[in-house]
Amino acid sequence: MQRENTGMLTIETVPVPTGSKPVHVVRIDVPRLTEDSGLDEIRSQILALDSEKAGADVLIDLSPAEFLSSAALGMLGMIHRKIWAAKGRLKLCGIRPEIMQIFAVTKLDNLFDIHDTRESGLASF
(Lines give C-alpha, C1' and ligand atoms only; values in the text may rest on other atoms or scores of the structure.)
Protein backbone atom coordinates (compact mmCIF):
# COMPACT_ATOMS: atom_id res chain seq x y z
CA MET A 1 0.00 0.00 0.00
CA GLN A 2 1.31 3.40 -1.02
CA ARG A 3 0.36 6.56 0.94
CA GLU A 4 0.79 10.25 0.13
CA ASN A 5 -0.36 13.31 2.08
CA THR A 6 -0.63 16.58 0.16
CA GLY A 7 -2.04 18.73 2.95
CA MET A 8 -5.58 18.78 1.58
CA LEU A 9 -5.72 15.11 0.56
CA THR A 10 -4.47 11.82 1.89
CA ILE A 11 -4.15 9.37 -1.00
CA GLU A 12 -3.63 5.65 -0.52
CA THR A 13 -3.28 3.12 -3.31
CA VAL A 14 -4.83 -0.11 -2.06
CA PRO A 15 -4.67 -3.46 -3.86
CA VAL A 16 -8.10 -5.07 -4.11
CA PRO A 17 -8.18 -8.88 -4.36
CA THR A 18 -11.27 -8.93 -6.60
CA GLY A 19 -10.04 -6.30 -9.04
CA SER A 20 -7.30 -6.23 -11.64
CA LYS A 21 -6.20 -2.73 -10.66
CA PRO A 22 -5.69 -1.01 -7.31
CA VAL A 23 -8.14 1.45 -5.80
CA HIS A 24 -7.03 4.98 -4.97
CA VAL A 25 -8.57 5.92 -1.62
CA VAL A 26 -8.68 9.71 -1.37
CA ARG A 27 -9.55 11.28 1.98
CA ILE A 28 -10.34 14.97 1.58
CA ASP A 29 -8.85 16.49 4.74
CA VAL A 30 -10.67 19.83 4.44
CA PRO A 31 -13.61 20.27 6.84
CA ARG A 32 -15.34 23.01 4.79
CA LEU A 33 -15.25 22.37 1.05
CA THR A 34 -15.99 25.75 -0.51
CA GLU A 35 -14.74 27.80 -3.45
CA ASP A 36 -12.01 29.19 -1.17
CA SER A 37 -10.71 25.83 0.02
CA GLY A 38 -8.76 24.86 -3.09
CA LEU A 39 -11.36 22.91 -5.07
CA ASP A 40 -9.39 23.28 -8.31
CA GLU A 41 -6.29 21.78 -6.71
CA ILE A 42 -8.30 18.95 -5.15
CA ARG A 43 -9.94 18.18 -8.51
CA SER A 44 -6.58 18.24 -10.32
CA GLN A 45 -4.95 15.91 -7.81
CA ILE A 46 -7.79 13.39 -8.00
CA LEU A 47 -7.92 13.43 -11.80
CA ALA A 48 -4.12 13.01 -11.94
CA LEU A 49 -4.57 9.56 -10.38
CA ASP A 50 -5.56 8.35 -13.84
CA SER A 51 -2.15 9.19 -15.30
CA GLU A 52 -2.13 6.02 -17.41
CA LYS A 53 -5.59 6.85 -18.84
CA ALA A 54 -6.69 3.34 -17.95
CA GLY A 55 -9.75 4.36 -15.98
CA ALA A 56 -8.81 4.78 -12.34
CA ASP A 57 -10.87 3.25 -9.56
CA VAL A 58 -11.28 5.94 -6.89
CA LEU A 59 -12.96 5.92 -3.49
CA ILE A 60 -13.36 9.41 -2.03
CA ASP A 61 -13.64 9.46 1.76
CA LEU A 62 -15.62 12.52 2.86
CA SER A 63 -15.64 11.69 6.58
CA PRO A 64 -13.65 14.84 7.55
CA ALA A 65 -16.08 17.08 5.62
CA GLU A 66 -18.47 19.09 7.77
CA PHE A 67 -19.78 21.27 4.92
CA LEU A 68 -19.93 21.00 1.12
CA SER A 69 -20.79 24.07 -0.96
CA SER A 70 -22.63 23.84 -4.26
CA ALA A 71 -19.24 24.32 -5.95
CA ALA A 72 -17.89 21.27 -4.10
CA LEU A 73 -20.89 19.21 -5.24
CA GLY A 74 -20.24 20.40 -8.79
CA MET A 75 -16.58 19.40 -8.46
CA LEU A 76 -17.59 15.89 -7.39
CA GLY A 77 -19.96 15.64 -10.35
CA MET A 78 -17.25 16.72 -12.77
CA ILE A 79 -14.77 14.23 -11.30
CA HIS A 80 -17.41 11.51 -11.65
CA ARG A 81 -17.99 12.35 -15.34
CA LYS A 82 -14.26 12.39 -16.17
CA ILE A 83 -13.51 9.12 -14.37
CA TRP A 84 -16.58 7.42 -15.88
CA ALA A 85 -15.63 8.64 -19.39
CA ALA A 86 -12.19 7.05 -18.93
CA LYS A 87 -13.90 3.73 -17.97
CA GLY A 88 -13.00 4.13 -14.31
CA ARG A 89 -15.20 3.93 -11.24
CA LEU A 90 -15.80 6.56 -8.56
CA LYS A 91 -17.41 5.78 -5.22
CA LEU A 92 -17.93 7.90 -2.12
CA CYS A 93 -17.86 6.97 1.56
CA GLY A 94 -18.00 8.49 5.02
CA ILE A 95 -20.65 11.11 4.29
CA ARG A 96 -22.17 12.67 7.42
CA PRO A 97 -25.96 12.41 7.73
CA GLU A 98 -26.51 16.16 7.36
CA ILE A 99 -24.49 16.19 4.13
CA MET A 100 -26.22 13.02 2.94
CA GLN A 101 -29.50 14.95 3.16
CA ILE A 102 -28.11 17.39 0.57
CA PHE A 103 -27.21 14.47 -1.70
CA ALA A 104 -30.76 13.14 -1.34
CA VAL A 105 -32.47 16.50 -1.98
CA THR A 106 -30.33 17.16 -5.06
CA LYS A 107 -30.72 13.53 -6.25
CA LEU A 108 -26.93 13.14 -6.27
CA ASP A 109 -27.42 9.98 -4.23
CA ASN A 110 -28.72 8.46 -7.49
CA LEU A 111 -25.58 9.50 -9.39
CA PHE A 112 -22.94 8.35 -6.93
CA ASP A 113 -22.28 4.90 -5.51
CA ILE A 114 -22.22 5.85 -1.80
CA HIS A 115 -21.04 3.66 1.08
CA ASP A 116 -21.15 4.22 4.82
CA THR A 117 -17.56 3.21 5.48
CA ARG A 118 -14.23 2.98 3.70
CA GLU A 119 -14.27 -0.78 4.20
CA SER A 120 -17.66 -1.27 2.53
CA GLY A 121 -16.61 1.07 -0.27
CA LEU A 122 -13.42 -0.92 -0.91
CA ALA A 123 -15.31 -4.20 -0.80
CA SER A 124 -17.64 -2.97 -3.54
CA PHE A 125 -14.87 -2.72 -6.18
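**Note on a predicted model: sheet, cores and rings**

1. Start with strand S7. S7 is mostly covered, with four of its five residues buried. The model is a predicted one, and residues are counted from 1 along the chain.

2. S7 belongs to an open sheet of six strands. The order is S1-S2-S3-S5-S7-S8, and the pairing is mixed. Strand S1 (2–5) and strand S8 (113–115) are the edge strands, each pairing on one side only. From one strand to the next, the twist averages 20°. Strands of a sheet pair through backbone hydrogen bonds, either parallel or antiparallel.

3. Which way do S1 and S2 run? They run antiparallel, joined by four bridges. Strand S2 covers residues 9–14. Arg3 stands opposite Glu12 of S2.

4. Now take S3 and S5. Strand S3 is 23–28 and strand S5 is 57–61. The two pair in the parallel sense, over five bridges. Val25 has Leu59 in S5 as its bridge partner.

5. S5 also pairs with S7, again in the parallel sense and over five bridges. Leu59 stands opposite Lys91. Ile60 stands opposite Leu92.

6. S7 in turn pairs with S8. The sense is parallel and there are three bridges. Cys93 stands opposite His115 in S8.

7. How many of the five residues of S5 are buried? Five of the five are. In a regular strand the side chains alternate between the two faces of the sheet. Both faces of S5 are covered. Asp57, Leu59 and Asp61 are buried on one side, and Val58 and Ile60 are buried on the other.

8. H1 (residues 39–47) lies across S2, S3 and S5. H1 runs at about 10° to S2.

9. The largest nonpolar core has 30 residues. Leu33, Ile60 and Phe103 touch the most other members. Which element gives the largest share? H2 does, with six residues.

10. Leaving out residues up to four places away in sequence, Ile60 touches Val26, Ile28, Ile46, Leu76, Leu90, Lys91, Leu92 and Cys93. One of these, Leu92, is also the residue that Ile60 stands opposite in S7.

11. Another core, of eight residues, lies apart from the largest one. Among its members are Val16, Val23, Cys93 and Phe125. Cys93 is also the residue opposite His115 in S8.

12. Next, the aromatic rings. A search of the whole structure finds one aromatic pair. Why is the pair of Phe103 and Phe112 edge-to-face? The ring centres are 6.0 Å apart and the planes stand at 70°, so the pair counts as edge-to-face; the cut-off for that class is over 60 degrees.

13. Are the two partners buried or exposed? Phe103 is buried, with a relative accessible area of 0%. Phe112 is buried too, at 4%.

14. Two charged residues sit over rings. Arg32 lies over the face of Phe67, at 4.5 Å from the ring centre. Lys91 lies over the face of Phe125, at 4.6 Å from the ring centre. Lys91 also stands opposite Leu59, and Lys91 is among the residues that Ile60 touches.

15. Lys87 is found in the loop between H2 and S7. Phi of Lys87 is near 70°, a positive value in a residue other than glycine. Lys87 is exposed, with a relative accessible area of 68%.

16. Lys107 has a positive phi of about 65°, although it is not a glycine. Its relative accessible area is 54%, so Lys107 counts as exposed.

Note on methods:
Predicted model: local features only at pLDDT ≥ 70, side-chain atom pairs only at ≥ 80, totals over all residues. Heavy atoms only, no water. Phe/Tyr/Trp six-rings, centres within 6.5 Å; stacked < 30°, edge-to-face > 60°. Buried < 20%, exposed > 50% of the residue type's maximum accessible area, 1.4 Å probe, protein only. Lys NZ or Arg CZ within 6 Å of the ring centre and 35° of its normal. Pairing = 2+ DSSP bridges. Axes fitted to C-alpha atoms, helices over the stretch in contact; angles between N-to-C directions. Contact = heavy atoms within 4.5 Å. Core = buried A, V, L, I, M, F, W, Y, C linked by side-chain atoms within 4.5 Å.
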